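Subject: The two-chain model

Hi,

Here is the structure I promised to pass on. Have a look at it first, and then read my notes below.

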Amino acid sequence: MRLSVAPENRPIVIASLFIAAILAAGTAYTLSTTGTTPLLSPNYLLQQLQTGAFLGICAAGMMMVILLGQIDLSVPWTLTAAAMTATAVGGDMAVPTALAVGLAVGLLNGFGVAYLRIPSMIFTLGVDTMLRGLMVAQTGGFAPQDTATPLMLFLAKDRILGIPVAIFVWAAVSLVIALILTRTGFGRSIYATGSREGAAYLSGIRTKWVIVGAFVTSSLCAAIAGVLLTGYSAKAYQGMGNAFLLPAIAAVVLGGTHILGGRGRYAGTLVGVILIVLLNSVLSIMQMPEAGRQIIYGAVIIGMLLVYGRNQQVTS
Amino acid sequence: MKGKAGIRRWLLQNLGFATAVLLFIVLFATYNVLHPRGFSSAVAIQNSNETVAIAFVAMAQTLPVLLGGLDLSVGAVMTLTNCVASELLYGSPAQILLGVLLTLMTGAAFGLMNGCIVVYGRIQPIIATLATGAIAIGLALLIRPKPGGKVDDDLSWALTNSVYDLADTYGFADGGNAWWLRPFADIPVPVILVLLVAFVVWVPFRRSVTGRTVYAIGSAEGAAYMSGLPIHRAKIAAFTLGGFLAACGGLYLAIQTSSGNADIQQAGAYTLNSIAAVVLGGTSLLGGVGGAIGSLFGAMILRVISFYFRILDIDPLLQPLIEGVVLLLAVSFGAFRTLRVKNQLDLFR
């Protein structure tokens, strides 16, 4: 009997199978070297999900923007700026400050892309550079407060019922994004605008607002990730967001979202994030040097996309 | 040959390019006026040395952008070839020459691989090169786990100084004193190298059928296909040439620094700066409009802005901020287009 899977679910199914394969390969390795199976213990998996939460939240926001056929390159320094400003303010206002920074950056990005019509690739890159400059200028000369507030520590490190709080935060963000995409007019407008903006505009969708909304969501997600990451590493520091940009894009695309917009399911992005996190973790358990990790990482992305991410051939 | 109307048309068609050239001339001339030792060979040599790598990488980025795509691996390919070159550029002249060829071929081969993945794998360029960029960095780390390397000292000196020093080092034209060399003696060698590559590699490519096809694909791929243009060949050629140009950058960086460094951050910075340079140079990110010479000027504008910090008394801590704001303002000039649009639908391309 041949299993039939809807085309939009194929990436999710294949990526899930690949996650199982990674876990199997890792377990085979640990069985052959130490005779134990740490990879299959719930504790290990929960820990991976906890560290995956930062990437997961960044990817959730990135997906909204990619669904429009745009991209948000300002994620690294939005994350860092939100975290650094929040810790500098400190106290109870820290987390709202981070969100406010995210909102401001998102509005700026959205304004540039939707109203000025500058390609997101270059506008968000400029915003990223500017934010880096702001942070360098802010921390220069004197050292502002950079320690995480108790709330941040709680969100990132504590556990409720044995499950890290960070996973709950990730789950909440995921739930909100999934509901937006599937159950609200805004979500449908994103798909419509990403498919063909002209048609969406003529159907009465305020496409500019949709674009601004998506960029705000992306920056807010980056800010939330910044708050969590600050709690996790107990302080905010320059360059803390640099490691998240390309993996976030890769996770979204591995999950089956089309880079040119209009197609993709949130479940795919979740699977993509878990795939990347587990791949990294298993490779480091195998004590693979950085060179090998990079090569395998690139080869996996290419390999997976060759299986399900191919475009239509241009024939007319 | 061109009348007044012809010049006018050229200006309208190449507005971005003309603006970039003008902006660069104004910025660079002002810089030299303000500089205590402006308009001297020493300043020109120093400036050009610092510009070559990003100029080549920006030219490399231009080709995928003209196709309507983006190459996120140019910085990584430059890093890879930088590491390859740091292993090969010493020994006898024949060995050095072989090393140069092998370095350039490494880059071209990597570009060829990118092209094949994009054409036959039918994966979007931006995401395919995101992955191959990781592979390139991995290979670079394999070759050179720690920064270092060995590059022939004569070569390193001769190619990073003036024409006089080049002739002096290799003992031709009476050690640089021949009368016919005099007019050119003060020109920095890196400038000549960039111009050589631009006019021997890029200009003929642009005028070939393959090169024109690259522009056609960027404008309308379907139309290019229906016109019987060699789409696959043009895409593969564009990525291969991109890899070659990135390799030129990596090769020069190895010669300039006498070492190779597999630095992921540096590779990322070069990639992102190359996109900025391409846009500043008047190439449209939508594809089909622009050219590598424009990107060359875009890269030079980016560099000149950072040169200003040395002569103006600006707090070093504010430099990244000013760089960011200038970049943002420069690209925002593209927004003037939206003011002229009469039909809202024209915005949605």
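Let's start with a term you'll need: a salt bridge is a side-chain nitrogen of Lys or Arg within 4 Å of a carboxyl oxygen of Asp or Glu. Searching the whole structure turns up 5 of them over all chains. One of them joins A:Arg117 to A:Glu197, with the closest N and O atoms 2.8 Å apart. A:Arg117 sits in the loop between helix H4 (94–115) and H5 of chain A, while A:Glu197 is in helix H9 of chain A, so this pair ties together parts that are 80 residues apart in sequence.

Before going on, some ground rules. This is a predicted model, where local features need pLDDT of at least 70 and side-chain atom pairs count only at pLDDT 80 or more, while totals for chains, interfaces and linings use all residues. Residues are numbered from 1 along each chain as its sequence is written, chains are lettered from A and ligands numbered from 1 in the order in which they are written, and side-chain values use heavy atoms, leaving out hydrogens and water.

Now the chains themselves. Helices (H or I, at least four residues) and strands (E, at least two) are DSSP runs numbered from the N terminus. Chain A has 13 helices and 2 strands. Its radius of gyration (taken over C-alpha atoms) is compared with a globule rule, 2.2 Å times the number of residues to the power 0.38. For chain A the radius is 20 Å, close to the 20 Å that the rule gives for 316 residues, so chain A is as compact as a globular protein of that length. The C-alpha trace of chain A spans about 60 × 55 × 40 Å along its principal axes.

Chain B has 17 helices and 0 strands. Its radius of gyration is 21 Å, close to the 20 Å from the rule for 349 residues, so chain B too is as compact as a globular protein of that length. Its C-alpha trace spans about 65 × 50 × 45 Å along the principal axes.

What happens where the chains meet? Counting contact as heavy atoms within 4.5 Å, 54 residues of chain A touch 51 residues of chain B. Buried area is the accessible area (1.4 Å probe) that two parts lose on being put together, summed over both. Here that comes to about 4400 Å², 78% of it on carbon and sulfur atoms. In chain A, A:Arg117, A:Ile122 and A:Ile302 lose the most area to chain B, together 12% of what that side buries. Several helices of chain A give two or more residues to the side touching chain B, including H5 (120–139) and H13 (290–308). H5(A) supplies the largest share, 13 residues.

Last, the annotations. UniProt positions are in the numbering used here, with shortened feature names, and annotations may be inferred rather than shown by experiment. An unreviewed UniProt entry marks several stretches of chain A as "transmembrane region", including 12–31 and 209–231. Residues 12–31 of chain A are 100% helix and 0% strand, with end C-alpha atoms 28 Å apart. Residues 209–231 of chain A are also 100% helix and 0% strand, and there the end C-alpha atoms lie 33 Å apart.

Cheers
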